[in-house]
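I opened the file to look up the fold as a whole, then the annotated segments, then two single residues. My notes follow in that order.

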Amino acid sequence: MSLRGFLVLHRAALWGLIGGCGALALFWTARSSRPVMDFWVERVSMPLKRGLSALADPLPFSLCEAGATLLIVGALALLGRAVWLAFHGQPAALGAWALHLAGLLLWGYVGVCALWGTQYYAASFAEKAGMEVPGVEAEQLLAVTEYFAAQTAACADGVPRDEAGCFAVSREEIFSQTAGLYDRLVERWSFLDGPERKAKPAFYSKLMSAWGFTGYLCPLTGESTLNTDSPEVFLPVTIAHEFSHQRGVAAEQEANFVGIMACIASDRPVWRYSGWLEGYVYLSNALNRVDPEAASAGMAALPAEVRADLAENNAYWAGWAGPVRKTGEKVYTAFLKSYGQSLGMQSYGACVDLLVEEFWPLARENEPG
């Protein structure tokens with residue numbers, strides 16, 4: 001078959017590919033306009049995602065995972081068919097498979113840009129909340145880190161523990177306690193209001209660990225899907241993080257801050273402990289870069305139970321260190337940077353600025369003398 005004949009035969013797929021490129025070019029052009037992005041997110045993408053998540057929510061499994069599985073299996077099955085046809089006198093079958101798959105993947109990416117990428121160019125959480133996110137001084141960072149350490153220590157005895165002194169709350173119990181998690185935050189920041197949705201346990205949790213992920217929000221279904229293989233101590237705050245994405249918080253550093261705030265505002269000891277501990281980890285890591293001795297002394301002063309939780313978590317992730325995880329981090333960093341998130345994976349640590357701004361007044365009040 002000639003090239004012309006091939007293109008005529010598959011003109012629908014070809015036009016679909018051209019249309020996808022046009023849609024992507026429209027996104028790249030429109031993202032420079034804040035009014036357009038604000039309108040799109042508020043009036044189109046958020047309502048659409050909430051509608052899609054309402055359809056997916058009753059399912060006991062992640063529709064996103066199921067869809068991805070069917071896509072991969074289907075693509076491989078069709079590839080096998082194309083290879084068979086190519087060996088039996090129809091070499092154009094492989095080209096047709098590649099053309100149709102390229103169009104499908106391109107429109108999938110267009111959907112991600114429309115339903116998720118646009119949020120990076122609309123008003124941020126900090127802007128809506130009126131938080132200035134100023135520079136952080138070493139004195140402030142130290143005081144807030146010590147404040148979080150004290151709060152974490154105070155909560156440590158309030159959660160169930162096993163014989164080794166580690167956090168011992170089942171994943172099933174944690175997943176059953178998500179209702180009303182954002183009620184108190186919505187009283188302060190009404191723009192975080194949104195419909196309640198369930199957190200979904202990931203079937204491919206071990207694969208997520210290999211890639212270095214604890215959870216994700218699927219833009220195409222609006223579902224929060226969580227890694228259930230990693231230690232449970234950070235599962236509550238990770239759920240809260242993913243729920244913040246469902247409520248319109250796009251940037252990872254802001255989602256970390258909002259997730260921590262949702263947890264420590266909770267009346268459930270397990271969630272409060274997970275939130276304070278997560279915040280302490282981010283702050284302590286930042287402090288370690290400017291004052292390693294103070295960070296080390298603060299870690300050593302934590303109760304044995306807290307250090308046991310951190311050691312268990314560190315040991316788990318150390319077991320997944322390797323090229324697959326590094327590749328996953330590089331891919332996600334490239335994904336974030338494609339939407340102007342210049343800090344990449346490091347943007348997870350940028351929530352420190354928001355934590356210091358929020359808690360510096362309290363930390364200063366609690367300083368001795």
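I counted the secondary structure and got 17 helices and three strands. Helices (H or I, at least four residues) and strands (E, at least two) are DSSP runs, numbered from the N terminus. I note that this is a predicted model, in which local features need pLDDT of at least 70, side-chain atom pairs count only at pLDDT 80 or more, and totals for chains, interfaces and linings use all residues. Residues are numbered from 1 along each chain as its sequence is written, and side-chain values use heavy atoms, with hydrogens and water left out.

I find 44% of the 369 residues buried, where buried means under 20% relative accessible area, exposed over 50%, and partly exposed in between (1.4 Å probe, protein chains only). Among contacts (heavy atoms within 4.5 Å) with a separation of 6 or more, 76% join residues 24 or more positions apart.

Charges. I counted 27 positive and 37 negative side chains, with the centres of the two sets 12 Å apart. Lys and Arg count as positive and Asp and Glu as negative, while His and the chain ends are not counted. Each charge is placed at NZ of Lys, CZ of Arg, CG of Asp or CD of Glu.

Annotated segments. The unreviewed UniProt entry gives "transmembrane region" at residues 12-30, 66-87 and 94-117; such annotations may be inferred rather than shown by experiment. I checked residues 12-30 and found 100% helix and 0% strand, with the end C-alpha atoms 27 Å apart. Residues 94-117 are 92% helix and 0% strand, and their end C-alpha atoms are 32 Å apart.

S244. I placed S244 in helix α11 (residues 235-246). S244 counts as buried because its relative accessibility is 0%. Beyond four places in sequence, S244 contacts Y182, V249, A255 and V258. Its C-alpha atom is 7.6 Å from that of L192, 52 residues away along the chain.

E278. Is E278 buried or exposed? E278 is in helix α13 (residues 269-290) and counts as buried because its relative accessibility is 14%. Leaving out residues up to four places away, I list F234, V237, N256 and I260 as touching E278.
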